[in-house]
Amino acid sequence: MRLANNEIAHKNKTKTESLDGVISVVEKAGQFQVVIGPAVPQIYDQLIENMDLTSSENEHTAKEENTNWFLKLMDVIGGIFTPLLPLFAGSGVFRGLVLLATQLNWLSTSSSTYHILTVA
């Protein structure tokens, strides 16, 4: 989720960094990320207890983010390919095993098994 008002977050950056449990604060591409380290469960409980974070109206009242078209395009592309990353990683490992088997002469490149495994 993007911030509705970047200026408020920017003004309070040093104050946020000085809070107990906060390791650092990163501002980039309209996002304000607070790195809190191992105290996540305690800070999460405090946030839920002290703030109204369950309201869905906040999402609808936030103004349109003022990022450029390139960042919006990268968000869409990232959203499309993120679920496929484990598949790509597994395919790469599998392909590496097939190549290893051919290099060790356990599998012939002219065999039908090699062709099926390469396609897989």
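Let me start with Phe81, which lies in helix H5, where helices are DSSP runs of H or I with at least four residues, strands are runs of E with at least two, and both are numbered from the N terminus. What we have here is a predicted model, in which local features need pLDDT of at least 70 and side-chain atom pairs count only at pLDDT 80 or more, while totals for chains, interfaces and linings use all residues. Residues are numbered from 1 along each chain as its sequence is written, and side-chain values use heavy atoms, leaving out hydrogens and water.

With a relative accessible area of 41%, Phe81 is partly exposed, because that label covers values between buried (under 20%) and exposed (over 50%), taken with a 1.4 Å probe and protein chains only. Phe81 belongs to a nonpolar patch on the surface, together with residues including Trp69, Ile77 and Phe88, and the patch has about 1200 Å² of accessible area together. For such a patch, residues need over 30% relative accessible area and no salt bridge, and nonpolar side chains (Val, Leu, Ile, Met, Phe, Trp, Tyr) are joined within 5 Å, like charges within 9 Å. Helix H5 (69–81) and helix H6 (85–103) each supply at least two of the patch residues, and the largest share, eight residues, comes from H5.

Now, which residue forms a salt bridge with Lys13? That is Glu27, with the closest N and O atoms 3.9 Å apart, where the rule asks for a side-chain nitrogen of Lys or Arg within 4 Å of a carboxyl oxygen of Asp or Glu. Glu27 lies in strand E1 (residues 24–28) and Lys13 in helix H2 (residues 13–17), so this pair ties together parts that are 14 residues apart in sequence. Glu27 is partly exposed at 31% relative accessibility, and Lys13 is partly exposed at 23%.

Note on methods:
Accessible areas come from the Shrake-Rupley method with a 1.4 Å probe; for residues, only the protein chains shown count as cover.
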